[in-house]
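Please look at the sequence and structure below before reading on.

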Amino acid sequence: MSAPRVILDTSVLIGESAPADVEAAISVVSLAELHYGTLLAAGDSDELARRTARLARVEATFEPLPVTTDVAREWGRLAAAVRTRGAQPRKRQLDLLIAATAVREQVPLLTHDIQDFAIIDDLVEVRQP
């Protein structure tokens with residue numbers, strides 16, 4: 001029996017430990033967030049070294065899933081749902097792209113930030129690692 005397939009949110013990639021017993025994939029959006037976070041640490045050499053090492057491990061481990069036309073279409077559906085439910089999708093654009101990737105891949109999204117997805121928890125399966 002193979003391990004369940006999941007999409008890892010960026011919060012899991014920067015967490016203390018990797019989730020066990022899962023076949024994991026990531027969105028290219030998480031890779032972009034990690035690059036951004038690494039550049040933000042440029043003023044602190046120790047933090048820059050930690051983030052650079054983490055980024056190198058992630059890049060060596062995963063072939064990120066792209067933002068395709070289907071993912072973009074799903075993002076639009078999720079963003080519209082967030083808006084009609086009274087929240088602002090602009091504040092959640094990257095999270096919604098990662099969630100849209102999980103929906104298109106028909107797999108759960110593993111995140112440490114479940115509350116970020118509560119407004120659409122009926123549209124995307126969200127789990128803690």
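In this predicted model, helix 2 passes helix 3 in a left-handed crossing. By class, 6 nonpolar, 4 polar and 3 charged residues make up the contact of helix 2 with helix 3. Two packed helices are described by the angle between their axes and the distance between the axes. Here the axes come within 8 Å and cross at roughly 160 degrees. Angles over 145 degrees count as roughly antiparallel, and helix 2 and helix 3 are therefore roughly antiparallel to each other.

| Helix | Residues of the helix | Residues in the contact |
|---|---|---|
| Helix 2 | 28–40 | Leu-31, Leu-34, His-35, Gly-37, Thr-38, Leu-40 |
| Helix 3 | 45–61 | Leu-48, Arg-51, Thr-52, Arg-54, Leu-55, Val-58, Glu-59 |

The next topic is the nonpolar cores. In soluble globular proteins, nonpolar side chains tend to be buried together. The largest nonpolar core in this model has 22 residues. Ile-7, Leu-109 and Ile-120 have the most contacts inside this core. Helix 5 gives the most, with 6 residues.

Which residues does Ile-120 contact, leaving aside its neighbours within four places in sequence? Ile-120 is in contact with Leu-78, Ala-81, Val-82, Arg-85 and Leu-96.

How values were computed. Residues numbered from 1 in each chain as written. Predicted model: local features only at pLDDT ≥ 70, side-chain atom pairs only at ≥ 80, totals over all residues. Heavy atoms only, no water. Axes fitted to C-alpha atoms, helices over the stretch in contact; angles between N-to-C directions. Helix = DSSP H or I, 4+ residues; strand = E, 2+ residues; numbered from the N terminus. Parallel < 35°, antiparallel > 145°, perpendicular 65-115°, else oblique. Left-handed = near helix turned anticlockwise from the far one by under 90°. Contact = heavy atoms within 4.5 Å. Nonpolar A, V, L, I, M, F, W, Y, C, P; charged D, E, K, R; others polar. Core = buried A, V, L, I, M, F, W, Y, C linked by side-chain atoms within 4.5 Å. Buried < 20%, exposed > 50% of the residue type's maximum accessible area, 1.4 Å probe, protein only.
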